[in-house]
Structures are given as C-alpha cells and as structure tokens.
Amino acid sequence: QEGMMPTVFIIDSNYPKDHYLDRSDGAAAQKILSTLNIKADIRLALDREYFRKAVNRALKRKCDVLHISCHGDNEGIGLCSDDPDSSQPMGFSWDEMAGLFQGHDHSPKALVMSACCGAASGIGKAFEKVEKRPKIIIGSTDERYIYDYVAAWALLYRSFKKSGITRDAAQKVLQEICAVVHENFRYLRWDDERSHYRTYPGTGAQYEVSKVEV
C-alpha cells in the first residue's frame, strides 16, 4: 500500500568518538526517514539507565519500528558509556536486552539492529525465552561499516513505506540488501507455530542484481 507511514523510534548509543567523527548511524537513519517523509523520534542514550528509559518510551509510544544504533558483538550490545578497550562486559547482554521489552502491552513490529552482530543467533535465542518480542528482527550477522548500514536502511525504510512491515516485504528487501550491500544481512521472523525465529535468507542463498538504466 503506497504511502504507508510507519512510526519509527531511534535509540542512538554509539561511542563518543563516533559522534565526534560524525559517523553515528542514528542521525543518518533519521535523515533517511526525513527524506522519505517519515517522522522519527530519536533519543541519545548515554548509559544503561537512559537506554532503559529510551526503550520504555519507545514501547509506550507503540512504535512500529524500534531502530537501535550502537556497537555490538556475539554477546550483546555496547553503549555510549562503555570503554571499547576495556575487558569489562558491554552495556547489555542479549538476555538483558530482551528483558527490557517485558512488562509492556506493546512490542514493535520490527526491531532494526544497526549494530555489529545485531541479527546473529544470540538475539533470537534471547527473545525466544521471553513473552514479549518483535515479530521481525533485522540486522547483520557480522561486523559492518556504517556506510553498509546506511545503504541497507535506505532500502529497508523505502520498502516499509511502500509495502508495509510484512513478511513478503521484508524478504524482498533483504534480497536487495544482500545483493547490493552485503550478503551477511539477515532478518529473523517469529514463527508462532514453532515458537522460534526463522532466519531469512538462509545459508547458500544466491542473488542477482537487476540492471538499472541511468
């Protein structure tokens, strides 16, 4: 349905040096959404307390899409207040992050993880253990550069606006993202019958890029 307007809430918790060097994905995502005439609320979450408050605000506002921009690895996410050179645990483990979604009446239709390993197996396993979860989780399974995320989200949000936040729309745009940006982008879709997340694209998928006349 052309012209659909998903509501998007962005939480940005990148490291201070990312903001200083103007390479924060949160601000870039907001600009993409503005270009598409989609209004997005954005909050800068500097530490665990304010990240938790930002998630609460997003869920209370019943956003369609929660877009989280931060650093991450296979164990969880890092926050602005973390020291990337420290041996201390990062901001939230995947289990802790899934816990932030509990106790609310609403869960977003889609969780966009603009973080390294944001769609790796850990996040899906964490949400499988709890009651409240997003229907779709989108991100990468490895470490990506900011320009990869910016390119991916431009395609993603254009698709969400044009076709809605549906399984078919997500599968189609993930094919485009994997073909144009990088093959390690994935989306996890909750399967009610099997009570777990199904991964798309699966391993061994191949994509063709259509020729565009300019």
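Start by selecting α6 (146-163) and helix α7 (residues 167-180): the two pack at an angle of about 155°, with their axes 10 Å apart. Axes here are lines fitted to C-alpha atoms, for helices over the stretch in contact, and angles run from 0 to 180 degrees between N-to-C directions. The pair is therefore roughly antiparallel, a label for angles over 145 degrees, while under 35 counts as roughly parallel, 65 to 115 as roughly perpendicular and the rest as oblique. Helices (H or I, at least four residues) and strands (E, at least two) are DSSP runs, numbered from the N terminus.

A word on the model: it is predicted, with local features needing pLDDT of at least 70, side-chain atom pairs counting only at pLDDT 80 or more, and totals for chains, interfaces and linings using all residues. Residues are numbered from 1 along each chain as its sequence is written, and side-chain values use heavy atoms, leaving out hydrogens and water.

Now show the side chains between these helices. From α6, Ala152, Leu155, Leu156, Ser159 and Ser163 meet Ala169, Val173, Glu176 and Ile177 of α7 (contact means heavy atoms within 4.5 Å). Sorted by class, this contact has six nonpolar, two polar and one charged residues. Ala, Val, Leu, Ile, Met, Phe, Trp, Tyr, Cys and Pro count as nonpolar, Asp, Glu, Lys and Arg as charged, and the others, Gly among them, as polar.

Pick Asp25, Ala28, Ile32 and Leu33 in α2, and you will find them meeting Ile146, Tyr149, Val150, Trp153, Ala154 and Tyr157 in α6. That contact divides into nine nonpolar, no polar and one charged residues.

Select Asn37, in the loop between α2 and β2 (40-44); Asn37 has a positive phi of about 65° although it is not a glycine. Then jump to Pro201, in the segment after β10 (196-200), where the peptide bond from Tyr200 to Pro201 is cis, with omega near -5°. For context, most residues other than glycine have a negative phi, and most peptide bonds are trans.
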